[in-house]
Amino acid sequence: MKLISSPASPFVRKVRVVLHETGQTADVEIINVTTTPFKVADEVLGANPTGRIPALIRPDGVALHDSRVITRYLDARAKASLYPEARIWEVLTLESMAHSIMDSAVLTFYEGRFRTPEQQSPEWIDAQWGKIAGALKVINERWMSHLAGPMDIGHISIGCALAYLDFRHDARNWRQGVDGLAEWYENFKERDSMKTTTPE
Ligand SMILES: N[C@@H](CCC(=O)N[C@@H](CS)C(=O)NCC(=O)O)C(=O)O
């Protein structure tokens with residue numbers, strides 16, 4: 001299989017962490033591409049008409065996207081139980097919250113990278129950060145017992161979202177006021193799957 005990738009993408013990283021955690025790294029060739037919302041790489045468009053990464057090309061040539069579909073496919077392929085039936089709605093909600101954090105964080109980064117200073121909106125950037133901060137507060141208040149339990153896709157998604165905040169939005173100091181979550185992440189980031197997928 002081929003994974004259309006970029007090391008900096010938190011969505012790609014999530015897929016790569018799942019590959020490591022489920023013992024499937026040898027089955028996938030990582031194809032790193034340079035792609036932006038304005039200039040989408042051909043390999044990306046060929047695999048995903050909406051021009052986003054990651055996309056996973058299966059041996060039969062079928063391309064899967066987005067990252068949530070890919071990780072669910074990989075979990076089923078490895079029978080890894082990252083989507084436990086007994087708590088599936090909680091797991092999917094936690095995964096969704098992590099994706100909302102990643103969406104806001106990526107869009108905020110794009111605002112600075114791809115738009116001119118005149119086009120950039122500080123109000124919009126603050127609103128995006130407000131969504132992130134609100135989600136972190138709720139996770140810290142209500143989800144720590146889940147995060148203390150056996151690892152599922154929720155843990156991996158939150159771990160990759162927090163890693164991206166460190167990577168692109170370090171100056172925002174997301175740890176402030178969410179001590180439990182910050183402490184949890186200090187352990188999570190030491191996993192081999194996280195260390196080996198750290199963007200340079
Ligand atoms: N919901 C998608 C989001 C993927 C996504 O936004 N990827 C970014 C890279 S981090 C991208 O390809 N952006 C290009 C664009 O928005 O045109 C997923 O989970 O795979």
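The legends below describe close-up views of a predicted model. Local features need pLDDT of at least 70, side-chain atom pairs count only at pLDDT 80 or more, and totals for chains, interfaces and linings use all residues. Residues are numbered from 1 along each chain as its sequence is written, and side-chain values use heavy atoms, with hydrogens and water left out.

**View 1. An open sheet of 4 strands has the order S2-S1-S3-S4.**
Strands (E, at least two residues) and helices (H or I, at least four residues) are DSSP runs, numbered from the N terminus. Two strands count as paired if DSSP finds at least two bridges between them. The pairing in this sheet is mixed. S2 and strand S4 (63–64) each have a single partner strand and stand at the edges, so one side of each has no neighbour in the sheet.

**View 2. Strand S1 (residues 2–5) runs parallel to strand S2 (residues 29–32).**
The two strands pair over 4 bridges. Helix H1 (residues 10–21) lies on the chain's path from S1 to S2, and this β-α-β crossover is right-handed. The term means that, with the strands pointing away from the viewer, the path from the first strand over the helix to the second runs clockwise. Ile4 has Ile31 in S2 as its bridge partner, and Leu3 stands opposite Ile30 in S2.

**View 3. S1 pairs with strand S3 (residues 55–57) in the antiparallel sense.**
This pairing has 3 bridges. Leu56 in S3 is the bridge partner of Leu3. Strands of a sheet pair through backbone hydrogen bonds, either parallel or antiparallel.

**View 4. Glu21 and Arg191 form a salt bridge.**
A salt bridge is a side-chain nitrogen of Lys or Arg within 4 Å of a carboxyl oxygen of Asp or Glu. In this pair the closest N and O atoms are 2.8 Å apart. The rule finds 2 salt bridges across the interface of domain 1 and domain 2.

**View 5. Arg87 and Asp152 meet in a salt bridge.**
The N to O distance is 3.2 Å. Arg87 is in the loop between H3 and helix H4 (88–114), and Asp152 is in the loop between helix H6 (144–147) and helix H7 (153–168). The pair links distant parts of the chain, 65 residues apart. By the salt-bridge rule the count comes to 13.
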